[in-house]
Each structure stands twice: as structure tokens, then as C-alpha cells.
Amino acid sequence: MIEARALTKDYGDKRAVDGLSFDVRPGVVTGFLGPNGSGKSTTMRLILGLDRPTSGHVTVNGKPYREHRAPLREVGALLEARSTHTGRSARNHLRALAQTHGISNTRVEELIELVGLNDVQKQRAGKFSLGMGQRLGIATALLGDPSTVMLDEPVNGLDPEGIQWIRTMLRRLASEGRTVFVSSHLMSEMALTADHLIVIGRGRLIADTSVADFVARASKDIVRVRTPTPEKLAAAVERLGATVGHTDDGYLEVSGLKVEAVGEAAAAASVVLHELAPHQASLEEAFMDITRGELEFGHAETAEAAA
Amino acid sequence: MTAATLSRATVGDGGVTQARVVRSEWTKLWSVRATRWSLLVATVLTIGFPILASSIISSHWGSRSPHDRLHFNPLDPALIGSQIAQLAIGVLGVLVISSEYSTGMIRATLTAVPKRLPVLWAKAGVFAVVTFALMLPSVLIAFFSSQSILSRHHASYSWSHPGVARAVIGAALYLVVIAVLTVGIGTIVRNTAGGIAAFAAIFFVLPPLMDVLPTSWNNAISQYLPSNAGRSVIALTHSAHNLRPWPGFAVFVAYAVAALVAAAIVLRTRDA
């Protein structure tokens, strides 16, 4: 269980995290979604006590992370930035971290086996590929058999095999009853792995909802229409409560009406149609739509401040 | 096999203790190749240089002037190696922590030990003990082998000569304090190049710079510089402008303690 309350972090005069409040509940995979630079990694650093919040607070299983007697047994974390000494072997890296909590070398051997690093465990971590580095990071996160696992952009830069491996691992961890908190800037990745979503943009909370709700809310139906008399059609559908947008390539985008209703409205108004097609927004587009408002609001604010 | 089924028996249930962090830092110290090499080099230099130097002095003894023979200090060649070893120890002291910042390891370290200070105590303590354990035998071997080489010219000191035992053991203690001081510097600076530059500036640049000061100022100030205060415990004779051996060493220790306290404060308060 992770509880953030009005969590805020400034770096100099730049606000990276802005009044975030959310709960990450046990038993489900919670996705942490936001564009690059939206504050996901900073939030995770605040959860782990690596950075101190400017204001607000965050607790893990009821206590600030640094007050836990055995923090690695509460939260296992894979950060996006590399967190290994390049000159140390994978096995010694895990052993050194395990020793801080009195975790046995047997456990280290088991984890090396689990993530499939047997053949390279004596190699220096600096020689590892991105995929091997992620496997070592997962092994590190699981050292203390934590009830909460937190992973920052775990599939970033991985090849398809590595991505598949991470997804399988996430599902396995969740099926074992752990709280899994995983960040990504890719909506499609979240739709595949997460049950619940916390969406942020420019450090602010945009949505805290189930994946299904977020997708439903985001993917509103749009009907794309091409006609020689766009003004006539726009007037006809707007009378029925739809909103109309114009695309750069000469289409009308009607939202708020089903494709059948648009066709009937055109017939009733005797408008000639050259093209009429329903358009379901992709998850990426939906995510972009929802975050865009937040981003533009942010930009406007910055512009005002600069003026 | 799942992560859960394999774990219950082997994962244990203990928390973070200072002793466990010490074990962890011990593992870290020895599992990096650069450390093993630096410590090997420091040991070889501490023993090898005195043997080399005293052999050269011995073979050219006949060509020395009576004045040179009279003023020859047999301890000089015996402890010359430890003067060179201080470079290896100082650089390694900085690296013990700065390499964690440069590689990102510090994030894993501070995630495992979020109270942070046990890490600093363990790093300084482990490195100080390792330095003492390697350097004390090294300076003893260096002393006895160099004196036996020089003894054929009756130009050697015995262990019981006044001040000799203090100076020889003092050379090892001096290196231990350098170890602690540079771990402190590395923690404050968090950067390998910057940390080594700060160490070199304090020990090798600052002392000669004092010569530009008026003599009276230089005499008053120089003895309190870390390097000069520390070396007073290694010196056999002391001028009027040098601190006595143990007061000088106490000043040197105070510098190391101050560096460690400053390091503790910034480590606690800064974002990692």
C-alpha cells in the first residue's frame, strides 16, 4: 500500500511533482502513466526517500519508507536510471545488497536462477546489455520478497523478448498477491499489464481510475465526414447536439453522434457525402487527448509567468 | 518455481543493522577490481620503496660526505613508501563513495539503507580497518628490512630508539586517518575527479603555497595544515614551528572527524 498526500517536489524553480495524492492498493497491478518528463520517476524517488518532498508526504505500508526497519522487505524497486556499480559482478551486487538485511546467499542464487542470469552472474554488470541489466534490476527488487514491487519504465529500450519477459514477470508477481506499481509513458503497454491507472501530466494528477474506465472515457466516438458543403452539414449535426471539428486535410470530425445518426442528418438536410466513417481513437490518441488539455494549460501558465 | 514459493525459507526476516551494513560494505570493497589493485599497489610500494631506497643508500655509503653521514636519518628511507602509499589510499578513499555516485550504485545503496548514515560509518570504518590491517605490517616490514640493510654501516635505528616505535606505528595511523578523511571528502564532493582534486589540493598544493606568506605567518599557520599536523607523528625530530607528535596527530584526527561530520550532514539532507 502506497499513500501519497499533496506530494510536491521542486527542483530549483521547476516544479516536478505538483500536489499529487493517490493510493496504490495491494492485489492489483497499478499503472503509473504519463508523458516523459511528467514526474513519474521523481514520484518514485520520493516514495523511496531518495529525494525529500518540498511539501506533502508519502507512506509505504503506513510509514515513510526510511522509517522501516527492513525497507527491502516492504518495497522492491527497479529505477529507470541504472543503479549498479559497473565494476562489480551481478552476484556480488546482489550479495552486498542482501547482506544489509541479513538475506542469505542461497536466496541470491535462487534469484539469479529465477531471472535467468546464471551464465553471466560472474561478469561485471558494466558489460551487461539493457535486457540483462533489467533482469538484474528485477532480481534486486525481489531480494527481500517485498509485498510491493515498484518498477520505473521496465520495458523501455528492451527487445520484444525482453518486453515479453517483463510482462510475464509482472503478471506472475501480481498473481502472487503483491502490489505492483509500474510506470510507463505508453498507454498501450499499460492496457496490457495494468488493472488500475494513475495518470499524471506535468506533475499533476489527471486520472485515478480503472483501465477500462479510462479507455471508455478517452475513446469517445468520432465520425469523419467529407462533403462539398461542410457548413451545411455542420449546422445540421450541431442542431442535434454534436460538436464539429475541421481537420487539416479537409474532413469534418463529428463527435457526440453515432455514425448512423450523422448519415441520417445528412440525408435529412440533403447534404452530399463523399465519405462517412466511424473512427475509434486508439489508446495512444486517447491518452494524448486527455493529457493534452493538461499540457496546454501548463504551457499557458508558463507563458503568463514569462510575460 | 515462483518468486514466492522459492523465497520463504531463504529470505529470512531481519532488518537493517549497522553490523549488516558493515558486512555489505566489506563485500563491496573487495568485489571491485580497482580496490584490490590499489591496495596491492599501496602495500607493494610501502614495503618495496624502503628496501630499494636503503639498498641504494647502502651501496653508495662510501661516497657520502661525513656531514651527510652525520645528518642521515635512517627513518627517512624506512617510511618513504608510506608517503607514496598515501596517494593510493587517498584516491581509493574518495572512490569508495564517489564511484557509487558516478555509476548510480548509490541509489541501490540508499534504497537498501534509507537512514543513510550507517552506510557512511560502514564505509569509513571498513576502509580504515583494512588500511590499518594492511599498512601496519607493511611499515613494520619496511622498517625492519631497511634497517637491517643499513645496519652494516651502523646507520640504522633499533626499534627501542626513542621515538622510533611511535613514528613507525604513526605512519600506519597517518594512513588510517587519510582513509577516513578522504571517505568524508568523497561523500561531500560526490564526484571522483573533484574529490581527488580536493584531496591533492589539501595535501600536495596547499603546503608549498604557504611559502608565499611572510615567514612569521607561514610558521604560525603551516603546522596546523592537515598534512603537516599529521606528519608530525611520523617525524623523529621537531622544529620550533612543528606541533609535537601526538598534539599534531590529534589536530589531524580533528580534521578527519570534521570531514566525516560534514559528510554525515550533507548525506542526510541532500537528495540522492
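Predicted model: local features only at pLDDT ≥ 70, side-chain atom pairs only at ≥ 80, totals over all residues.
Me: Where in chain B is His154(B) found?

Reply: His154(B) is in the loop between α7 (117–150) and α8 (164–189) of chain B. Helices are DSSP runs of H or I of at least four residues, strands are runs of E of at least two, and both are numbered from the N terminus. Residues are numbered from 1 along each chain as its sequence is written, while chains are lettered from A and ligands numbered from 1 in the order in which they are written.

Me: What is the phi of His154(B), and is the residue buried or exposed?

Reply: Burial is a neighbour count: a residue is buried if 20 or more other C-beta atoms, placed from the backbone, lie within 10 Å of its own, exposed if 12 or fewer, and partly exposed in between. His154(B) has 8 C-beta neighbours inside 10 Å and so counts as exposed. Its phi is near 55°, a positive value in a residue other than glycine.

Me: Which strand holds Ala6(A), and what is its phi?

Reply: Ala6(A) belongs to strand β1 (residues 2–11) of chain A. It is not a glycine, yet its phi is positive, at about 50°. Ala6(A) is partly exposed, with 13 other C-beta atoms within 10 Å.

Me: How is the packing of α3(A) and α5(A) read?

Reply: Two packed helices are described by the angle between their axes and the distance between the axes. An axis is a line fitted to C-alpha atoms, for helices over the stretch in contact, and angles run from 0 to 180 degrees between N-to-C directions. In chain A, the axes of helix α3 (residues 90–99) and helix α5 (residues 130–142) come within 10 Å and cross at roughly 20°. That angle makes α3(A) roughly parallel to α5(A) (under 35 degrees is roughly parallel, over 145 roughly antiparallel, 65 to 115 roughly perpendicular, the rest oblique).

Me: Which residues make that contact?

Reply: Contact requires the C-beta atoms of two residues, placed from the backbone, to lie within 7 Å. From α3(A) come Ala90(A), His93(A), Leu94(A) and Leu97(A), and from α5(A) come Leu136(A), Ala139(A) and Thr140(A). By class there are 5 nonpolar, 2 polar and no charged residues (nonpolar: Ala, Val, Leu, Ile, Met, Phe, Trp, Tyr, Cys and Pro; charged: Asp, Glu, Lys and Arg; polar: the others, Gly among them).

Me: How many residues of chain B are in contact with chain A?

Reply: The contact joins 37 residues of chain B to 43 residues of chain A. On the chain B side, α1 (3–11), α2 (18–30), α3 (33–59), α5 (75–103) and α6 (105–112) each supply at least two residues. That side divides into 16 nonpolar, 13 polar and 8 charged residues.

Me: What is Asp271(B) in contact with?

Reply: Asp271(B), in the segment after α12 (245–269) of chain B, is in contact with Leu50(A), Asp51(A) and Arg52(A), leaving aside neighbours within four places in sequence. It counts as exposed, with 12 C-beta neighbours inside 10 Å.

Me: What confidence does the predictor give?

Reply: The complex has an ipTM of 0.90 and a pTM of 0.86. Chain B averages a pLDDT of 92, with 96% of the residues scoring at least 70. Over residues 1–5 of chain B, pLDDT stays under 50.

Notes:
pLDDT = per-residue confidence, 0-100.
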